Every structure is written in C-alpha cells, then in structure tokens.
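Take a moment to look over the sequence and the model together before reading on. The paragraphs below are meant to be followed with the structure open beside them.

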Amino acid sequence: MTCSRWGSSSIQGLFQDGDLIIGGLFSLYNKPPAIDQDFTQQPRYQSCSRLEALPLQYIYAMVFALEEINHSTTLLPGVKLGYHIHDSCALPLWALRTALSLVGGDSSSCDQPVPLIIGGDSSITAKILSRVLGPLSVPLMSYTASCPCLSDTRQFPNFFRTMPSDIYQARAIAQLAISMNWSWIGAVVAKNSYGLTAIKIFQEETQGSGVCLAFVETLRRENIKSDAKQAALAIQASTAKVILIFTWYTDVRELFLQLAERNVTDRQFLASEAWSTSVNLLENPSTLKVARGVLGVAIRSSPIPGFEYYLRNLNPSHRPDDKFLREFWEEMFSGTESLEVVHNLFTDTSQLRVTYNVYLAAYAAAHALHSLLSCPNNDSSPGNSSSTCSFPKHVQPIEVLQSLSKVNFTTPQGEMFYFQGADVPAKYDLVNWQKTSEGQLKLVLIGRVDGFDLHLNKSAIQWSTGSNQVPVSVCSESCPLGTRMATRKGEPICCFDCIPCADGEISNTTGSPHCVHCPPEFWSNSERTACVPRQLDFLSFNETLGITLTTVAISGVVVTTAVFVVFLCYRQTPVVRANNSELSFLLLLSLKLCFLCSLVFIGRPSVWACRFQQAAFGISFVLCVSCLQVKTIVVLAAFRSARPGAKALMKWFGPGQQRGSVCVFTCIQVIICVVWLSLSPPSPKPDFDIPGLKVTLKCAMASVAGFSLVLGYIGLLACSCLLLAFLARKLPDNFNEAKLITFSMLIFCAVWVAFIPAYVSSPGKYAVAVEIFAILASSYGLLFCIFAPKCFIILLRPEKNTKKQLMAK
C-alpha cells in the first residue's frame with residue numbers, strides 16, 4: 001500500500017527519519033501567482049519565485065540543532081530526532097495544509113505523526129495554525145510571530161514562540177525616546193494590528209513622561225505609493241525631528257524614496273525590528289542619504305558555535321535527497337564548487353537573529369521531550385542515560401504540550417531559557433545604521449534590551465545629523481530657570497509657553513511644570529531662580545518719610561510750647577482767663593504729649609516700644625479730649641447757671657471738679673491700657689503676609705479687641721464732646737469756646753474716621769506712617785482750631801483783649 005501526504009508530494013521537503021519526528025514549516029519561496037493559490041489542488045512549486053537565502057539558513061539551523069542534539073550524550077541519549085521540513089510558500093493556507101498532513105500520519109503504513117511543529121513564520125499564519133491544531137493539542141512553536149494577541153493562552157493554548165511579543169519592542173523604543181529626552185515624535189505605522197498595536201503601547205508607555213506624538217500616519221500595502229507620499233509630506237511639514245516607523249521594510253523603502261525626492265535628510269528614524277536589519281534598505285543607494293543614523297530595535301542576535309563551518313561544508317553530493325540544497329546550488333554554481341568562499345545571506349553568520357530563534361526552538365523541543373521521556377522516580381538529570389524509560393513512539397502531542405510549558409534549561413550559549421506562558425523573556429539588540437568611509441551603510445550593535453532594562457552606549461551612536469550630539473526633537477524648547485510651562489489651549493502637553501514665575505516663587509530647574517513658593521522668611525531673587533532671605537524693613541529715622549514725620553512732630557512740639565509760653569506770659573489777660581486757663585494749660589500739655597508720642601512709632605520696633613507706643617498714644621489723646629470735654633461742659637454749665645434759680649449749678653463745676661473729671665476720664669483709658677498690655681500686649685513680628693523682598697517688622701496686635709477698646713474709648717469721648725460743643729456753639733458772648741471746640745472736634749473725628757480704612761489698606765511700614773500722620777493731623781487740628789484765634793488776639797489785636805470786648809454780644 002502506498003501512502004502520500006495530503007496536498008503535497010513526499011519529495012517536496014527535507015526529511016530525516018528518527019525515533020521522534022519534529023515538524024518544520026518555513027517560507028522558503030516567495031508567494032506564487034494567484035492562480036496557484038488554490039487550497040484544494042496540489043501546489044506547484046515550480047510556480048513559486050526563486051528560493052530565498054535567509055529562510056534556507058533557518059532550515060539548516062533547525063537541522064544543525066537536531067543533529068547536534070542527536071550527538072549529545074546528555075540530552076535525549078539513546079533517542080534520535082528526525083525532521084520533516086516543508087515550505088509554505090509564504091501562504092497561510094498552504095502552511096495549514098502542510099501542518100495537517102504532518103499531524104495526520106498513519107502509523108500502520110505511513111510516516112508517524114509529528115508531536116510538535118516549529119513554524120508559523122508570521123502572526124497571521126501562527127494564529128490560523130494554532131486555532132486549527134489547538135483541538136488536536138499539537139504544540140506550535142513560532143520563531144518570528146510577534147503579535148501580542150498570541151500571548152493569550154486561553155485562545156491559543158498550544159502556541160509557543162522564541163520571538164518576543166511586539167509589546168516589548170514598543171516598550172523598548174518608548175524607553176529609548178524617554179532616555180534621549182525626545183518629547184516631540186512623529187509616527188508612521190502599518191495600518192494593521194502590527195502598527196496600530198505598537199503605537200498604542202508606545203503611547204501608554206510614554207504617558208506621563210512628557211513625550212507627545214506630533215502626528216501618526218498610516219501605510220496600507222495596497223495603496224503604498226499614495227500613503228507613503230502623504231506620510232513624507234507630513235514628515236516634511238512637521239517640526240518633529242525624530243520619526244518612529246512601525247511597518248515592513250518594503251513600505252519603508254517606498255517612504256524613503258518619497259523623502260529622498262523631497263530632500264528630507266535631517267530626520268532621525270526609530271526602527272522596529274521588522275526593518276531595522278533589512279539588507280535591502282541598507283544596500284539601497286537611493287535611500288542612503290535619508291537612512292543614515294537609523295536607530296532601531298532588532299531581534300536579538302547570538303552566535304551558534306560550529307554553524308558557519310556546517311553551512312560552508314554543505315554540498316549536494318553529500319546530501320543527494322536534499323532538493324532545497326540542490327536548487328540553491330544550481331542557482332549559485334554550475335558545477336562542483338564549494339560554499340567555503342561564498343559570501344551571501346546564506347553563509348553570513350555574523351548576526352544570527354531569526355536563525356538563532358529557530359535554533360532555540362529546536363532545543364526547547366528537545367528539552368521538553370527529554371523531560372517527558374525521563375522516569376520521574378529516578379535521577380532524571382541530563383547526564384543519566386538510564387533515565388529514558390518510555391518509548392518515543394508512544395509520545396502524544398498533549399504530553400509534549402504540557403512538558404513544553406515547563407521547560408527551563410541553559411542553552412549551549414550559556415543563557416537561561418524558559419517560557420512565560422507562550423512567551424520568552426524579551427531580549428533585543430539596539431542597532432545603528434552608520435556610514436562607512438566608502439559611503440555605504442553598515443549595521444552596528446550599540447546596545448541591548450533585557451526585559452525592561454535598556455543598556456545603551458550613546459557614545460557609539462552615529463546620528464542622522466552626523467554630529468555626536470543627540471538630536472533635539474521638541475515642540476517647545478525647555479523653559480529656562482525662573483519660568484514655568486503653561487500648556488497651550490487645544491495643543492498637546494509638549495507644546496507650551498514659558499511664563500515667568502510670580503513674585504515669591506522660583507523654579508530652579510529647566511522645564512519646570514510649576515513654580516515653587518518660597519518659605520515665609522524667604523523671597524525670590526530678581527531672576528526667580530532662588531529664594532533669598534527677606535530683609536527686615538521698618539520706618540526708621542534715617543529715611544525720607546521718617547525724617548519728614550519727625551520734623552513735623554517736633555515742629556508741633558515747638559509750636560505747642562510757644563503757645564504755652566504765650567498763654568503763660570498773658571495769663572492775666574481776659575482772653576486767657578475767660579477760657580479756663582487751667583484747662584487750657586493742661587490741654588497744651590496733652591497736645592505736646594500727642595506730638596511726642598508719634599516719635600515712639602518711628603525706629604526699629606522692640607518689645608517695650610510696642611507696648612509703650614499704643615499706651616502713650618491712647619492716654620495722650622484721652623487726656624486731650626477730656627480737657628475739651630470738660631471745657632464744653634463748663635461752658636454749658638456757665639450759661640445754664642445764668643438763668644434765674646440756677647446759680648447753684650456752677651458749684652458742681654468748680655476747678656476741683658474739672659480736674660477730677662479730667663482725671664477720671666483719663667484713668668479709664670489707663671486701666672484699659674494696663675489690662676490690655678498685661679494680658680496680650682503687642683510684640684515685634686515680621687509681617688510675612690506682605691509680598692516683597694523686604695518684610696516689615698511691626699508691632700503685631702496679639703489682641704485686636706484691646707486696641708479696638710483704646711480707639712473706641714477715644715472715639716466715644718470725641719463724639720460726646722462734639723455733640724456737646726455743637727449744642728453750645730450758639731450761646732451768646734465772645735468768650736464762648738464752643739464754636740472753636742466744634743470745629744476742632746470735627747477735624748479730629750474726620751481724621752480718625754479716615755484713618756481706619758487707610759490703616760487697614762496700607763502695606764508694611766506705611767501703615768505705621770498712616771497712624772503717625774493721623775496723630776499729627778488731629779493734634780495740629782486741635783492746636784490751631786483752639787489756640788490760633790486766641791493767640792491772634794493776644795499778639796496782634798491786643799485792643800480786643802479786654803473784658804468789655806469779651807462780654808460784648
């Protein structure tokens with residue numbers, strides 16, 4: 001009975017018998033014409049394009065690994081591994097048909113079914129094969145499928161791969177962009193799951209790191225020329241100097257051609273593994289000036305000892321059944337030449353990337369089988385040949401699947417290998433396209449990615465600009481010291497304006513998102529870059545304002561003293577005697593104290609100065625207003641006693657009673673001040689609430705209630721005095737002082753009513769100046785309104801200083 005594989009010829013492949021057969025699927029030929037893509041018909045290999053060199057290298061990497069394992073005395077001793085390797089012609093349907101033929105053998109008359117397949121060279125093919133082989137529990141181990149979707153073990157429980165998921169290369173590129181401080185990046189991606197998933201992961205990884213995408217252009221294979229032109233125009237128009245490209249090398253070639261036509265040669269490109277090692281692009285002279293300095297993530301490379309010698313010693317004469325090698329030989333040579341001096345992709349082992357993935361897959365399969373065929377109750381170490389106790393013919397795919405998920409071994413290169421679900425730990429190379437002295441581009445290893453760790457030699461990078469400096473790609477230049485970033489409305493966070501820090505705030509780092517408030521005892525310098533200690537400020541005798549107020553106060557004392565002397569010299573004259581000379585002298589003394597107390601407010605505040613100034617102010621003014629109060633009461637009593645039957649009224653307002661009244665009124669204020677200053681006195685404190693480099697040292701009111709009582713009592717006396725004087729203003733006779741007191745108290749009240757809002761709104765030491773001004777203004781008002789008319793008569797109109805003149809109505 002004759003047996004043949006379904007849908008394929010038994011001679012179209014590479015076969016080696018063994019105790020266990022490993023299946024292999026590779027895209028050795030390019031896709032055939034559309035008429036040959038019929039799943040139901042026998043494929044015609046002669047319709048495919050010529051054989052590809054790199055996939056052929058992958059095939060012999062698998063063969064080399066299996067032969068190496070078969071010669072090992074520690075790995076699967078006594079068990080020979082065979083292989084059935086087929087070409088899928090880069091078509092998922094052909095790969096599926098071949099896979100089904102591999103797993104559907106008939107043990108009675110045909111080749112035994114394979115328990116494991118190394119293949120699925122693309123994510124699409126891997127998904128199709130995994131879903132079909134899943135119910136059969138046949139493990140599928142891919143060496144290039146990188147779609148993150150294949151990591152889902154619920155959908156693809158039988159899938160494994162030695163190629164990292166695209167998630168990790170997107171993360172690696174994101175880390176690369178962050179480490180280079182590139183905040184403004186353009187992106188061109190394939191319009192499929194490969195490109196769109198990668199750019200999504202890139203955005204997620206850079207979120208919060210200040211990296212923004214200037215634009216995202218997509219490329220479709222069926223419309224590549226127009227899409228590449230659109231992407232080239234976007235790159236040309238954008239201010240982004242770094243461009244991330246996640247697509248196939250054929251798409252990149254068209255994009256680079258479009259950029260070369262527009263002479264766009266100053267962009268730094270970030271490459272995904274799909275094109276970062278493309279020889280077609282590296283050797284393409286039309287894209288040379290565009291592609292210089294490309295920085296990319298590449299599939300991890302690793303040497304395979306003995307593999308180059310193995311390749312160069314391959315010869316069809318030694319392998320007469322190897323149809324693949326014979327076809328390759330016929331293309332290369334016309335006779336019995338040797339591969340020892342040939343330099344092409346097939347013999348180049350300087351950077352084994354996918355080839356090494358295939359090599360790892362073969363070793364992973366062998367270790368899974370070794371574990372499966374080892375007795376659990378005996379020493380199952382690789383060095384114990386007696387551990388193999390099961391018949392390889394009885395191995396079932398589901399057993400291989402279970403064993404494969406637990407493999408953990410050290411490769412011949414000395415690295416640990418194990419699966420994390422369907423995936424292996426992510427490892428990549430970081431490569432740079434550098435221009436040689438001959439004007440060509442070469443691939444240079446400048447770093448590695450190991451999991452989440454990025455190891456990069458920045459000094460070894462040749463940038464697109466030709467400079468050793470890292471290219472700058474930002475939407476807005478980093479804000480200098482003393483400024484903060486302010487995002488522009490409707491634009492990405494990477495586009496911002498630089499706003500100077502406000503007074504009292506600093507930023508001492510470039511690109512600061514916000515300004516920092518200085519501590520209360522510090523203030524920002526003029527550049528807003530550092531906090532400097534604030535300078536204590538107070539109303540001093542040395543500054544212009546202090547000198548002016550001091551001069552006015554002393555002048556008030558001098559004028560008051562002069563009036564006192566005049567009244568003393570003319571104390572026997574009617575004008576002085578008629579207006580209660582004793583109270584007048586007491587009033588002049590109190591006014592002098594009012595002028596003098598204003599001087600206590602000037603100078604550096606101290607503990608005792610803060611206590612004395614408010615007490616002196618409060619008591620001096622109460623004494624002054626009390627004198628006027630008593631004067632007014634005496635005037636009212638005098639005229640009231642002139643009425644019939646009221647002569648006895650004046651005995652209650654004699655000199656003793658007047659002095660007593662003034663003393664009582666003043667003592668009340670003294671008591672208020674003593675209680676206030678004993679319980680909660682004002683104390684000198686810096687006023688940090690007022691902005692500015694200079695901070696005012698002032699007497700802080702610990703008790704606002706105490707100060708309010710002092711002012712309130714003065715205001716109460718002043719209002720009552722004003723009311724009484726107003727009532728007595730029209731009483732007859734020239735010696736009536738009520739009019740003068742009325743005017744003086746009006747001025748006094750007006751000054752202190754205006755003082756309150758002015759004091760509250762004045763900053764720093766100017767509040768003290770306002771209080772001094774109120775003291776001086778009210779004191780001068782009382783002095784001039786009460787005594788100026790009398791001094792005028794005494795000194796300039798002596799003829800009016802007679803009893804007759806004063807008694808005249």
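The model is predicted, so local features need pLDDT of at least 70 and side-chain atom pairs count only at pLDDT 80 or more, while totals for chains, interfaces and linings use all residues. Residues are numbered from 1 along each chain as its sequence is written, and side-chain values use heavy atoms, with hydrogens and water left out.

We can begin with Ser88, which sits in the loop between strand 3 (81-87) and helix 2 (92-103); here helices (H or I, at least four residues) and strands (E, at least two) are DSSP runs, numbered from the N terminus. Ser88 has a relative accessibility of 3% and therefore counts as buried, a word that stands for under 20% relative accessible area, whereas exposed stands for over 50% and partly exposed for the range in between (1.4 Å probe, protein chains only). When its neighbours within four places in sequence are left aside, Ser88 is in contact with Phe26, Ser27, Trp94 and Ala95, where contact means heavy atoms within 4.5 Å.

We now turn to charged side chains. Side chains of opposite charge can pair when their charged atoms come close. The structure holds 23 salt bridges, each being a side-chain nitrogen of Lys or Arg within 4 Å of a carboxyl oxygen of Asp or Glu.

One of them joins Asp227 and Arg220, at 2.9 Å from N to O; Asp227 counts as buried because its relative accessibility is 10%, while Arg220, at 30%, is partly exposed. Another links Asp152 with Arg154 at 3.6 Å, N to O, and in this pair Asp152 is partly exposed at 22% relative accessibility, whereas Arg154 reaches 76% and so counts as exposed.

In a further pair, the side chains of Arg488 and Glu491 meet at 3.7 Å, N to O, and Arg488 is partly exposed with a relative accessible area of 29%, as is Glu491 with 37%. Salt bridges can also share partners, and in this way Glu67, Arg319 and Asp322 are joined into one network.
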